[in-house]
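Please open the model in your viewer and keep the selection tool at hand. The tour below moves from one selection to the next and says what is there.

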Amino acid sequence: MHLLQGFEVIELIVDVQHCLQAYVGVAKDLNAMVIAFRGTQEHSIQNWVEDLYWKQLDINYPGMPGAMVHHGFYYAYHNTTIRPGILDAVMRAKDLYGDINVMVTGHSMGGAMASFCGLDLVVNHEARNGQVLTFGQPRIGNAAFASYYSDLVPHSIRITNGHDIVPHLPPYYPRFPQKTYHHFPREVWLYNIGFGSLVYQVEKVCDSSGEDPSCSRSVTGNSIADHVVYYGVGLMAETWRSCKIVTDPRLKEYGGEDVNGNLMLSRNPSAAALRLPSDSDANSNFS
């Protein structure tokens, strides 16, 4: 895995009410702003996966006739403290770095939120150089939505892994293409080939339909284990932790909590990386 050099976090948002978390940073070696969303809480992943079977297409995406999405995915990004925190950080970073590339990423539920964020930046904030890269995300809308999405956010890649169950949900019913969920393109499917100790991972770039039958849809989606490890990296914490946030009092100079306990930490992107200050940092230029 490539570790980013000179990566700076400029905003951390924790929505305690809805157990959501995201951050915005700048990767100077990529000349890009990175917006990342945390995935599903591991203690609830089994229940969350079971719930995905029953999520209905129940709201229209604004300004896109015929495009429908599920309200839970939509509201997680649009109706929580996550969106305003991200948009504020994006504006501050652009003021300093100019019109640099924006890369939006996330795993699992975080991938669904990243997808809505990438679309929001294009539709409502005139982003022209955005990329979306998600890992193990669920379907979030119908075929009409997927069509709009691929036109508006063409530089989108959904990584799927082996028999990961989540990209198969909510279910896709090919006999009812206009009334079922439908992935947007482009999928890149990871799968293993070989035998015994001679096994290696292959990346298959799938077609532009979003529902390539020769990619992850060619296998049964029945694995949570494949969902929590991508490219050999575990994407879940070893132990479950509550959504309640315990903060060091010294963090108050970087932001604070709202009346609901949601936390936003901000810094001037021209300053040093976000960290807890030591006594020698009394004259730090954090904001």
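Two rings of Phe, Tyr or Trp (for Trp, its six-membered ring) count as a pair if their centres lie within 6.5 Å, and the pair is called stacked when the planes are under 30 degrees apart, edge-to-face when they are over 60, and tilted for the rest. By that rule, a search of the whole structure finds 12 aromatic pairs.

Before selecting anything, note that this is a predicted model, in which local features need pLDDT of at least 70 and side-chain atom pairs count only at pLDDT 80 or more, while totals for chains, interfaces and linings use all residues. Residues are numbered from 1 along each chain as its sequence is written, and side-chain values use heavy atoms, with hydrogens and water left out.

**Aromatic rings**

Select Tyr74 and Tyr75, which form an edge-to-face pair with 5.8 Å centre to centre and 65 degrees between the planes. Tyr74 is buried at a relative accessible area of 12%, whereas Tyr75 is partly exposed at 35%; buried means under 20% relative accessible area, exposed over 50%, and partly exposed in between, with a 1.4 Å probe and protein chains only.

Next, select Phe116 and Phe145, a tilted pair with 5.9 Å centre to centre and 45 degrees between the planes. Phe116 lies in helix H4 and Phe145 in helix H5 (residues 143–152), so this pair ties together parts that are 29 residues apart in sequence; helices are DSSP runs of H or I with at least four residues, numbered from the N terminus. Both of these phenylalanines are buried.

Now widen the selection to Tyr61, Tyr74, Tyr75, Phe116, Phe145, Tyr149 and Phe184, which form one aromatic cluster.

**Histidine 78**

Move to His78, which is found in helix H2 (residues 71–78) and is buried, with a relative accessible area of 14%. Leaving aside residues up to four places away in sequence, His78 touches Tyr61, Arg83, Phe116 and Asp120, where contact means heavy atoms within 4.5 Å.

**The nonpolar cores**

A nonpolar core is a set of buried Ala, Val, Leu, Ile, Met, Phe, Trp, Tyr and Cys residues joined through side-chain atoms within 4.5 Å. The largest one has 51 residues, and Ile35, Phe37 and Ile86 are those with the most contacts inside it. Helix H4 (residues 109–125) gives the most to this core, with 8 residues. Finish with a second, separate core of 5 residues, which includes Ile159, Val188, Leu190 and Tyr230.

Terms used:
Helix = DSSP H or I, 4+ residues; strand = E, 2+ residues; numbered from the N terminus.
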